[in-house]
Amino acid sequence: TWKTSIGHLIIRDAMFPSTGDASLLGSGFASKPLEFWFAATWSAEIRRRVRLNSKHPDYIHINCLEFVTVILQLAACITRLELDPYSALPLSLRRRYPNGIPALPTVVIWTDNTPSKRWANKVTTASPMGQTLVQIFGELLRRTNIALNCDWIAGVDNVRADMLSRPNLTLTPTAQCAQIYQSEPQLRSWNFFRPSPDLISLLASRLSCAVWPDPPVVPEKLGQFEAAGYTIISSVTI
């Protein structure tokens, strides 16, 4: 029997927006209502492949990196809304929802990449590499009660995520974090999202597939949140 909750069928206002961006150097996103943020530098291999000629067999299109950022945002939202114990949520969230997070929370992920918006909302794409990533996205949706929509934001308005996705490669991780806090002081009171090694490994494998892979097995633990004021950002090795 095919069935779904009416909460997933009707259009509802989003409770929890998250805004992200990817560049040729890194990935970043943040959610004010959920009080988390993320910033990472792509590995040297990713930075090499994304600059190759588009006809090169190792080439990675920026659209795929943008969609990886969408996947990581969904993973962060699931971890915050479903996997963390209620007592571990930020005080502001507990005050807003004293009886617990609603059973069917609504999330909107903002991106300035039109293909990512389309891939997320349709859960499909004609891009072979994109499709392997969409499979992961679909499995995450399958395991959560979160009602999700992906929407577009103009690049000129995507200021915070744009900054988070463009690391200064000459700085140490600690110095990069200090620079981020100087630019965005509010982030100092939010939690830093650290994806689990298993999730990063899964994403890495999908970006390296030369043939159509088996269905993805999404890890049970998607990540964790570091304490507010976390001061070291490690690069995402994909």
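What covers the buried residues of α7?

Modeller: The cover of the buried residues of α7 includes strand β3 (36-41) and helix α6 (159-164), where contact means heavy atoms within 4.5 Å. Helices (H or I, at least four residues) and strands (E, at least two) are DSSP runs, numbered from the N terminus. The model is predicted, so local features require pLDDT of at least 70 and side-chain atom pairs count only at pLDDT 80 or more, whereas totals for chains, interfaces and linings use all residues. Residues are numbered from 1 along each chain as its sequence is written, and side-chain values use heavy atoms, with hydrogens and water left out.

Helix α7 spans residues 173-183, and its buried residues are Q176, C177, I180 and Y181. Buried means under 20% relative accessible area, exposed over 50%, and partly exposed in between (1.4 Å probe, protein chains only). These four residues lie on the same side of α7 because they cover an arc of only 135° around the axis; the arc is that of the directions from the helix axis to the C-beta atoms.

One of these residues, Y181, also belongs to a cluster linked by ring pairs, together with F29, F36, W37, F38, F192, F193, F225 and Y230. Rings of Phe, Tyr and Trp (its six-membered ring) pair if their centres lie within 6.5 Å; planes under 30 degrees apart count as stacked, over 60 as edge-to-face and the rest as tilted. The whole structure contains 11 aromatic pairs. In the pair of F38 and F192, the ring centres are 6.1 Å apart and the planes stand at 20°, so this pair is stacked. F38 belongs to strand β3 and F192 to strand β6 (residues 191-195), so that the pair links distant parts of the chain, 154 residues apart. F38 and F192 are both buried. At F225, another member of the cluster, R80 lies over the ring face at 4.2 Å from the ring centre. A charge sits over a ring if NZ of Lys or CZ of Arg is within 6 Å of the ring centre and within 35 degrees of the ring normal.

Strand β3, part of the cover of α7, leads on to the sheet. Seven strands form this open sheet in the order β5-β4-β1-β2-β3-β6-β7, with mixed pairing; two strands pair if DSSP finds at least two bridges between them. At the edges are β5 (147-152) and β7 (223-226), each of which pairs on one side only. From one strand to the next, the twist averages 25°. Axes are lines fitted to C-alpha atoms, for helices over the stretch in contact, and angles run from 0 to 180 degrees between N-to-C directions.

Within the sheet, β1 (residues 16-22) is antiparallel to β2 (residues 26-31), with four bridges between them, and G20 stands opposite F29 in β2. In the loop between β2 and β3 lies E35, which has a positive phi of about 55° although it is not a glycine. With a relative accessible area of 17%, E35 is buried. Most residues other than glycine have a negative phi.

Strand β1 also pairs with β4, in the parallel sense and over four bridges; F16 has V107 of β4 as its bridge partner. Strands β4 and β5 run parallel and are joined by six bridges, with N149 in β5 as the partner of V108. Five of the six residues of β4 are buried, so β4 is mostly covered.

Helix α4 (residues 114-122) packs on the sheet, touching β4 (106-111) and β5, and its direction makes about 160° with that of β5. Its buried residues are P115, S116, W119 and A120. Their arc of only 130° around the axis puts them on the same side of α4. The cover of these residues includes α2, β4, α5 and β5. After α4 comes V123, whose phi is positive, near 55°; V123 lies in the loop between α4 and α5 (128-142). At 34% relative accessibility, V123 counts as partly exposed.

Finally, helix α8 (residues 197-207) has L199, I200, L202, L203, A204, R206 and L207 buried. The cover of these residues includes α1 (44-49), α2 (62-83), α5 and β6, and β6 is the strand that holds F192.
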